[in-house]
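Please view the sequence and structure below before reading on.

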Amino acid sequence: SLKSRNALITGSTSGIGLAYAHALAKEGANICLNGFGDDAEIEKTRTGIEKDFGVKCIYNGADMTKPPEIAAMVKDAETRLGSVDILISNAGVQFVSPIEEFPVEKWDQIIAINLSSAFHAIRAAVPGMKARKWGRIINTASAHSLVASPFKAAYVSAKHGIAGLTKTVALEVATFGITANAISPGYVWTPLVEKQIPDTMKARNMTKEQVIHDVLLEAQPTKEFVTSEQVAALAVFLCSDNAAQITGANISIDGGWTAA
Ligand code: NAD
């Protein structure tokens with residue numbers, strides 16, 4: 001059980017992040033949500049978690065492109081929840097384009113959200129974890145932390161960076177009861193995947209069905225999408241005492257994608 005643990009999850013108003021929030025709350029952890037979205041919708045999610053799981057759930061709307069807001073978010077969670085014992089850096093965006101047309105501001109945005117925000121959050125949360133001699137740092141990486149796909153220069157670069165950051169942090173905190181791991185999903189059916197279909201249709205001159213079957217599931221030998229719940233269950237395990245010796249790992253959950 002994760003009762004009395006406090007978890008901060010970036011990008012948890014949607015998709016995989018929201019699944020992490022539900023799964024950790026189900027184990028009894030208090031939650032700090034983060035991410036964009038409709039205010040009323042977010043408030044419904046927040047109160048729903050409190051009601052359904054009997055935990056405390058707060059929300060901080062920090063923008064993951066803004067380092068001072070990220071540091072302030074960690075402080076806010078420490079103040080309102082009492083600590084940040086579990087930090088999941090999960091916020092992420094995608095942009096698909098041939099590199100010679102890749103918008104420079106999209107490169108900067110993706111590196112900021114998908115890579116640098118994890119650095120800023122970890123940097124702010126580690127002192128508290130070290131002082132309490134317990135912590136779980138989890139970064140949502142991707143199969144794209146291990147292999148590349150064309151037209152995803154920024155995303156693949158950021159995710160490979162996340163893999164390196166995870167290993168480095170794991171070494172630094174190893175004697176403090178803190179683990180740091182990356183989870184690398186293949187394609188999970190979430191708004192992020194749905195939203196990139198039109199651009200992939202354009203970039204590859206394909207229909208929606210062709211993109212789903214010939215691009216997305218082409219990479220996945222099981223020919224099935226991973227579910228957010230499966231990814232969240234792995235995170236719950238990484239937070240358990242049985243996972244205390246798993247650190248610096250990059251764990252694939254990708255239907256066999258990176259085995260090929
Ligand atoms: P999603 O679009 O459903 O959720 C992304 C979350 O990040 C949302 O809560 C959004 O509000 C938040 N976010 C975006 N920009 C932000 C910003 N500037 N500041 C704060 N929050 C911001 O996407 P998802 O598929 O659930 O993706 C979550 C993570 O999983 C990402 O890091 C993504 O790269 C990774 N991932 C997804 C898949 C997949 O197939 N869906 C596969 C591998 C890895």
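Strand β1 (residues 6-9) runs parallel to β2, and three bridges join the pair; strands are DSSP runs of E with at least two residues, helices are runs of H or I with at least four, and both are numbered from the N terminus. Strands count as paired when DSSP finds at least two bridges between them. Opposite Ile31 in β2 stands Ala7. From β1 the chain passes through α1 to β2 in a right-handed β-α-β crossover, a term for a path from the first strand over the helix to the second that runs clockwise with the strands pointing away from the viewer.

Strand β3 (residues 57-59) also pairs with β2 in the parallel sense, over three bridges. Here Cys57 is the bridge partner of Ile31. The β-α-β crossover from β2 through helix α2 (residues 39-53) to β3 is right-handed.

## Burial of β2

Strand β2 (residues 30-33) is covered on both faces, with Asn30 and Cys32 buried on one side and Ile31 and Leu33 on the other. A residue is buried if 20 or more other C-beta atoms, placed from the backbone, lie within 10 Å of its own. Of the 260 residues in the protein chain, 45% are buried.

## Overall form

The protein chain has eight helices and seven strands. Its C-alpha trace spans about 50 × 40 × 35 Å along the principal axes.

## Basis of the model

The model is predicted; local features need pLDDT of at least 70 and side-chain atom pairs pLDDT 80 or more, while totals for chains, interfaces and linings use all residues. Residue numbers start from 1 along each chain as its sequence is written.

Conventions. A residue is buried if 20 or more other C-beta atoms lie within 10 Å of its own, exposed if 12 or fewer, and partly exposed in between; C-beta atoms are placed from the backbone.
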